[in-house]
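Visitor: I'd like a quick walk through this one. Can you take me through the helix packing, then the sheet, then the chain contact?

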Amino acid sequence: MINTKYLINELTGRGRRSAINIGLVAFVTCVLVCITLLTGALERAFHAPLSDIGANITVQKAGDVPEQMAGPVLPCSVAPISAEQSVVIASLPGIQSISRAVLFWDFSDDAFQIVVGMQANDPAGPALLRTAITAGRMLSPEDTSMALAETVWAQQAKLHIGEQVQIGGFPFTIVGLVDASQISRIGTANLYIPLAQAQKIVAAAPGVAEVHFFGAEDSNLLFIKADRDKTEEIAATIKALLGEKISVSTPNSFKKLLGSLFTLTQRFSGIISGMVFLLALLLIVRNSAAAIRERTKEIGTMKAVGWTGADIRGQLLAENFLYIVLGTVLGLILGGIAAWGLSHITIAIPIPWDMAPKPHFLPGGEEQLFRQVRLQMEPGLQLLILTCMAPLLLGLTTVWTASRAITKLQTSEVFRYE
Amino acid sequence: MNKNKKILTKQSITVQNVSKHFDTVSPVKNVSFTVEQGEFITLLGPSGSGKSTLLGLVAGLEKPSEGSISLQSQEITGLSEDNLALLRRNSVGFVFQAFHLIPTLTALENVSFPLYPVKMDIKERQQRAATLLGKIGLADRADHLPTHLSGGERQRVAIARALVNEPQILFCDEPTGNLDSKTGKEILDLLTSLNREQGVTLFIVTHDQEIAKLSNRSLFMQDGEVTQ
């Protein structure tokens, strides 16, 4: 039978021991919360560039560029992907949807523009720009010869809604302005037009025909929504299907892009955090065992005045349960505060040139693009259970084992042991 | 708790051919004696003669290597640790030389400590402890922690704790060993009055001849052997 009065007196009467025990559990809990939240936040950050555009895989193909940069031209990183190849990819298990786009450069005598053709009602890709309209309206599936212009580019080009712009020699009316930088850095352009018209312009362009065959239904950028757990498997299958020149990007690609130093640092900090966590758990075990050892005289007294082994173990387990519960609550609060602090960290994820191609010879053409991602801490029930259970299981198991061993001793042995 | 107690028999403690060996050392060698209910016995002997070991054996704090021990006609040498604890809870009180009070509990709580695992009304438990504290003259010190009590007061609390389960036998290991002579005498008066007035069997280990003079009978221990 547990005596609550004795329990509370032990907790309050031995302030230093209680503080150490509670503090240790709080520290372990806090470290565990931080490691788990940080790991999750980094994983989400690597998904950000792709999830911005509603996809978790992008597919592109490398190809040649014509000798002369005139009229519509396909950048070397976005060679044609045939309609048949798109159909094959769409049939792979785990793929939920494919959004196709056509990205091309449009050179004229005194100007250059990046154009993307898209289907306005696609579930992924540039169609998601609908949430970043700053003026006017989004393209609709029925639109023809209408275009969206990127806000900053339109200001520089002094273009306004309702005005016309020439794309591949055809007139398009600007119906809306969009701030693409708020959404994504992948496949961004100066102008966005209906997919069918982009396909038609590119298929007829001499600068494209010089190096590629581009069919009327072809595209050169695929945005794929796939089952999250099958992403890497699908990426590998697509690479195997479409050959060496295919470039398939997944969240892991962005992780690799952060470079070996980042990966090394991440691993190193993971190892350090893991070691700190293990050390702290070992300290809980050691401290719990020490708490029993330092009370051998008291345990001897308990036995001498008639407490049975079960009475003693019950009391000691209740005391340690209280320490661990209080420590866990404190640790969760501290972990929450630490996680809040960490959530203010922003990491810059580099976007490969291939995914937002711009001619090298133009100003800013070789500039590295980054997607700034703020770390998002998302605690879950699983984390809560893990952080509560680890110290509880370890602490109580240690106390039970140590107190069982000591209560099995004869009373005078306990006094002699002390 | 009283319901569980066995009917008192004349022989309170029976020790037969008891020995205790630790590797090559034998602090208790083939000891036999009996103690009548209500007797006041002192166990005398020089330091290292085996007195405290014998006390531990008789009180069930330790198991003998050989021989048998009965308390209140119950053979205890074959009992498990838990059954020995229950026997002590129901029939035996123990007073240590070093008091062994729980430092985080008040005097009143220390006295009621043996009853914590017993299913009984909290008020009844507190009342019983308070009555005992009153009897030993410490009613006004009930709320004090052991660190705020003098050595004599601590030993009184330890005695009250040993009595709270209304034992038939009270074992004391050098109960005045850590006290000055005046306080020691007060403690001794308290113990002898318990023996006289309540018929509690008193078994005191001491090297103090003055205590021995007060007892009904003394056992002498030398090199692990007992002479009467």
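**Helices, sheet and chain contact**

Guide: Start in chain A. Keep in mind that the model is predicted.

Visitor: At what angle do the axes of helix 1 and helix 11 of chain A cross?

Guide: They cross at roughly 50°, and the axes come within 10 Å. Helix 1 and helix 11 of chain A are therefore oblique to each other. The crossing is right-handed.

Visitor: Over to chain B. How do helix 5 and helix 6 of chain B pack?

Guide: Helix 5 (residues 151-163) and helix 6 (residues 181-198) of chain B pack at about 15°, with axes 9 Å apart. Angles under 35 degrees count as roughly parallel, so helix 5 and helix 6 of chain B are roughly parallel to each other. Here too, helix 5 of chain B passes helix 6 of chain B in a right-handed crossing.

Visitor: Which residues of helix 5 and helix 6 of chain B meet?

Guide: From helix 5 of chain B come B:G151, B:G152, B:Q155, B:R156, B:I159 and B:L163. They meet B:T183, B:E186, B:I187, B:L190, B:L191 and B:L194 in helix 6 of chain B. That contact has six nonpolar, four polar and two charged residues.

Visitor: Which strands does helix 5 of chain B lie across?

Guide: Strand 6 and strand 7 (169-173) of chain B. Helix 5 of chain B runs at about 165° to strand 6 of chain B.

Visitor: What is the strand order in the six-stranded sheet of chain B?

Guide: The order is 6-7-8-3-9-10, in an open sheet with mixed pairing. Strand 6 (92-95) and strand 10 (225-227) of chain B are the edges, each pairing on one side only. From one strand to the next, the twist averages 20°.

Visitor: Do strand 3 and strand 9 of chain B run parallel or antiparallel?

Guide: Parallel, with four bridges joining strand 3 (residues 40-44) to strand 9 (residues 217-222) of chain B. In strand 9 of chain B, B:S218 is the bridge partner of B:T42.

Visitor: Last topic. How many residues does each chain bring to the contact?

Guide: Chain A gives 23 residues and chain B gives 23 residues. On the chain A side, the elements giving two or more residues are helix 1 (4-13), helix 10 (296-304), helix 11 (309-342) and helix 13 (411-417). By class, that side of chain A has five nonpolar, ten polar and eight charged residues.

Key: Residues numbered from 1 in each chain as written. Chains lettered and ligands numbered in written order. Predicted model: local features only at pLDDT ≥ 70, side-chain atom pairs only at ≥ 80, totals over all residues. Contact = placed C-beta atoms within 7 Å. Nonpolar A, V, L, I, M, F, W, Y, C, P; charged D, E, K, R; others polar. Axes fitted to C-alpha atoms, helices over the stretch in contact; angles between N-to-C directions. Parallel < 35°, antiparallel > 145°, perpendicular 65-115°, else oblique. Left-handed = near helix turned anticlockwise from the far one by under 90°. Pairing = 2+ DSSP bridges.
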